Amino acid sequence: LNKEETFQSAMSYEEDQKFILNTEKKLALKEGIKLGAREEKIQLARNMLNKGLDIKLISECCELSEEEIRKIDP
């Protein structure tokens with residue numbers, strides 16, 4: 001990554017690749033957690049819709065827009 005000799009000796013190519021891979025894994029995990037949390041909100045909103053609750057109330061409780069809630073399949 002860096003052509004300066006000072007930085008080259010700090011980390012081997014293999015260590016650098018391992019570091020990059022671990023960083024990518026952490027980012028993927030964070031994204032997966034975000035997606036899972038969103039899916040959970042959508043499922044909760046779906047359940048609330050099926051109970052006949054008001055869309056505005058569902059929006060406030062689930063932190064989803066009213067438009068997003070209207071798009072949810074029952």
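Contact here means heavy atoms within 4.5 Å of each other. Helices (H or I, at least four residues) and strands (E, at least two) are DSSP runs, numbered from the N terminus. The model is a predicted one, so local features need pLDDT of at least 70 and side-chain atom pairs count only at pLDDT 80 or more, while totals for chains, interfaces and linings use all residues. Residues are numbered from 1 along each chain as its sequence is written, and side-chain values use heavy atoms, with hydrogens and water left out.

On to the overall layout. The protein has 4 helices and 0 strands, which run α-α-α-α from the N terminus on. Buried residues (under 20% relative accessible area, with exposed meaning over 50% and partly exposed in between; 1.4 Å probe, protein chains only) make up 14% of the 74 residues. Of the contacts between residues at least 6 apart in sequence, 24% join residues at least 24 apart.

Now for the pairing of α2 and α3. The axes of α2 (residues 13-50) and α3 (residues 55-62) come within 10 Å and cross at roughly 155°. Axes are lines fitted to C-alpha atoms, for helices over the stretch in contact, and angles run from 0 to 180 degrees between N-to-C directions. The two helices are therefore roughly antiparallel, a label for angles over 145 degrees. On the α2 side, Lys 41, Leu 44, Ala 45, Met 48 and Leu 49 meet Ile 55, Ile 58, Cys 61 and Cys 62 of α3. These contact residues divide into 8 nonpolar, no polar and 1 charged, where Ala, Val, Leu, Ile, Met, Phe, Trp, Tyr, Cys and Pro count as nonpolar, Asp, Glu, Lys and Arg as charged, and the others, Gly among them, as polar.

Which residues of α3 are buried? They are Ile 58, Ser 59 and Cys 62. Seen down the axis of α3, they fall within an arc of 100° (taken from the directions from the helix axis to the C-beta atoms), so they line one face of the helix. Their cover includes α2 and α4.

Glu 63 has a positive phi of about 55°, although it is not a glycine. Most residues other than glycine have a negative phi. Glu 63 is also exposed, at a relative accessible area of 61%.

Ile 72, in the segment after α4, is buried, with a relative accessible area of 12%. Leaving aside residues up to four places away in sequence, Ile 72 touches Ile 42, Ala 45, Arg 46 and Leu 49. Ile 72 and Leu 49 are 23 residues apart in sequence and 9.0 Å apart in space, C-alpha to C-alpha.

Notes:
Angles under 35 degrees count as roughly parallel, over 145 as roughly antiparallel, 65 to 115 as roughly perpendicular and the rest as oblique.
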